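Subject: Structure for you to look at

Hello,

Here is the structure I promised to pass on. Please open it alongside this note, and I will walk you through what turned up.

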Amino acid sequence: MTIARESATHTPMMQQYLGIKAQHPDMLLFYRMGDFYELFFDDAEKAARLLNITLTTRGSSAGSPIKMAGVPYHSAEQYLARLLRLGESVVIAEQVGDPATSKGPVERQIARIVTPGTLTDSGLLDATRDTLILAIAPGMVNATPGADTLGVAWLNLAAGRFQVTEIPASALPALLARVRPAEILAPDDFELSAPCAVRRLASWQFDPEGAQARLAQQFGSRDLAGFGVSDLPQAIAAAGALLDYIQATQRTALPHIQSIRAERDGEFVQLDAATRRNLELTETLRGEAAPTLLSVLDTTATGMGTRLLRHWLHHPLRDREILSQRRDAIGVLAGRHDTAATLTRLLKGCADVERIGGRIALRNVRPRDLSGLRDTLALLPELAAALPDDRARLTALQAALAARPDLHELLARAIQPEPASVLREGGVIADGYDAELDELRALTRDAGSFLLDLETRERARTGIGNLKVEFNKVHGYYIEVSRAQADKLPVPDDYRRRQTLKNAERYITPELKAFEDKALSAQERALAREKALFEVLLDSLTPHVPDLLSIASALAEIDVLAGQAERANTLKLCAPDYTGEPGIMIRAGRHPVVEAQVDHFIPNDITLSRSRQMLLITGPNMGGKSTYMRQVALVTLLACCGLWVPAASAKIGDIDQIFTRIGASDDLAGGRSTFMVEMTETAHILHNASANSLVLLDEIGRGTSTFDGLALAWAVARHLVSATRAFTLFATHYFELTQLAQEFRQLANVHLDAKEHGTDLVFLHAVEEGPASQSYGIQVARLAGVPTPVIVAARRHLRELEDAQLKPGPQGDLFAAHLPNDAPPPHPALDQLREIDPDTLTPKAALDMLYALKAHL
């Protein structure tokens, strides 16, 4: 706040505003005034800039003009959504006092605090992705923050899912890429750069001992031993700070947060941030939603299903029992086309039960949420009956969808078939649910017949044939007489003028005034009664929130399984086999995203085992090397999600991590060149890959000089095959590396070939054994539209380089003998031949050239 004077010198309303603002100085304050939320001073300037709304100046306080900007309260959600996407947090202060009885400013109180990670309102949430808030608690070394271990906790407030883990500090980027929080809480002395909103808290708020007590109190337990997190003190510290923050922002109980779960090492197949980006699981390299693996696979019917599928793709598992159950359930549904279609049809009628359950717990549920919940509960028996009994996963899901007749009956009695969108409009509680409400509504309904009767009587009494009796929310009830009639015929003496318009006069009579008082009082009392009944209804529903979240989980999984059954049939997917033997064997594998974009996709095989540990892939640019490598990773990842895969068959051994080093990009903001980024990612792989990891490396060493790059690529390949022993796909244009197959039996050369047809280059996209013969780089450059003179010059220089065998400069060739220094000079005819461009010679010029060459004999 850039306000110099003491608060006491401000007007009473500004004193009230500044008092509320002082509680949350780093957040924007929406201050309710009538039909608007107003922002003042610095907040007004900031909001005007971010929202592109008008900044104005009104009056003064403490001798200074008051800068202000505002948004209509009935459309505030769209402005809130924009601010939250920009990483801002907003405090909303509502009027709680009665303007008619207030002697000073109307009393206002903070109703809620909205932050990027604590969203639960349906109008602010993306239905297809989870909104998570995460907290980080650094470990302590000698009573000071240490860099070795981090406690991390994250919460899905809408669903009540609370998770914790402890990780090395170096693993934080990978975890953030996996969880993708919308907001992060961190101590004010912890260095952190993140692509989302970061909220700084005091270090004392991350106290493990206090956190233990607060969490146990929230879960209604003596301690945390039963939750399996007692051995994670830093994670508990992070969870405690996170719980405090949620309680402070929500200002209500959190009955749906009833447990906490620890993530352990080895639970998931690990993917680092670069791998998630390169494989384009849920977002393209350009940051778009399609085409991605998710966009190809997602045919779910609900937002719950899409969110779960997204979660599965980012959390591949190593637990073979869970994976087998998912795979087999998809197989059962894939074999029953009609059943899967029926499930999808029924699911399209289901509301987002997960988020509705969270909003019931937080008491910000809307009337139409409850009508949607009612209709979804009505579908449960039909959904359960449609599920086949596989005596495994589908049977368990069938049990989770057991009918809840008590809940359905309560909502059917309490909520109108088509309720109003918001409670303040009335028309939410069903007729017949409450006798007092029915009586008040009857008074309002009878108003219509009374007004018609009064209009008929007044027309007869006054002789004014077009007299009208009407109502509006501003002036209430009135009798309207046109200007022409009012000038011709005098109105009765008991008519009191209420409003004068250009073409009419509006009046009120004692009889109409008495009716108005009675009718308006009935409307106000009916609305107040509805609000009270709605709160009692929420009290009745809150104990059922855990059941609702269980139902939501089952609905989401059925949605994913039914959608994947459809995809299995449509995309011709196969069920993967899980084997205890280390390695990967895929027959006729395909890249699902690329296949969806082309008319004909060439499938390819791969075998990786302990005796065939690395494939060195050579071939032309545009030949399909990167696609081949990515499809192997995607087939492996899909199998580790329990999903069917794009292949004729697939056998997948135990894979603990997937790494990729593909593509070229720099990090200008971080001061890193393209080559530095490449080497950093390569170093991460070499330090962290294991013998059970799948590693994809594409053209290592291309960002530096030829011999430096070749030496680095050679050393990296040797390390991976001899020391790390990871399953590796290594694509390169350094043909010298193919010699490594002679040194290591577990390394095999494969290539993707192309054929020249006249001046055209045809890519075959089929993987064959052995090294490639050439790269066809100049031909690809011609296809890309490089000017003909440049292509001609490149071909000429290529021939010179090939003839010279890459004469050594300051750096020696690592893999070839030096040429003798006393080599004979080239024949003049050879020089003349090098200058010839056959594509541009005319027949006459070719004949002349032939005579000239013969002369050299």
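Below are some notes on a sheet, a helix pair and a few single residues.

This is a predicted model, in which local features need pLDDT of at least 70 and side-chain atom pairs count only at pLDDT 80 or more, while totals for chains, interfaces and linings use all residues. Residues are numbered from 1 along each chain as its sequence is written, and side-chain values use heavy atoms, with hydrogens and water left out.

**The sheet**

Four strands make an open, antiparallel sheet, in the order β14-β15-β17-β16. (Strands are DSSP runs of E, at least two residues, and helices are runs of H or I, at least four, numbered from the N terminus; two strands pair if DSSP finds at least two bridges between them.) β14 (468-472) and β16 (496-500) are the edge strands, each with a single partner, so one side of each has no neighbour in the sheet. The twist from one strand to the next averages 40°. Five bridges link β14 to β15 (residues 476-482), and E470 has Y478 in β15 as its bridge partner.

Helix α16 packs on this sheet and touches β14 and β15 (contact means heavy atoms within 4.5 Å); its direction makes about 145° with that of β14. Angles run from 0 to 180 degrees between N-to-C directions, and axes are lines fitted to C-alpha atoms, for helices over the stretch in contact. Helix α18 (residues 510-541) packs there too, touching β14, β15, β16 and β17 (504-508).

**The helix pair**

The axes of α22 (residues 674-688) and α23 (residues 706-724) come within 11 Å and cross at roughly 15°. The two are therefore roughly parallel (angles under 35 degrees count as such). F675, M679, T682 and L686 of α22 meet L712, V716, H719, L720 and T724 of α23.

**Single residues**

A cis peptide bond joins A290 and P291, with omega about 0°. P291 sits in the loop between α7 (273-279) and α8 (293-297).

R391 and E699 are both worth a look. R391 has phi near 55°, a positive value in a residue other than glycine, and lies in the loop between α13 (367-386) and α14 (393-400). Phi of E699 is also near 55°; this residue is in the loop between β24 (693-698) and α23.

Best wishes

Methods. Parallel < 35°, antiparallel > 145°, perpendicular 65-115°, else oblique.
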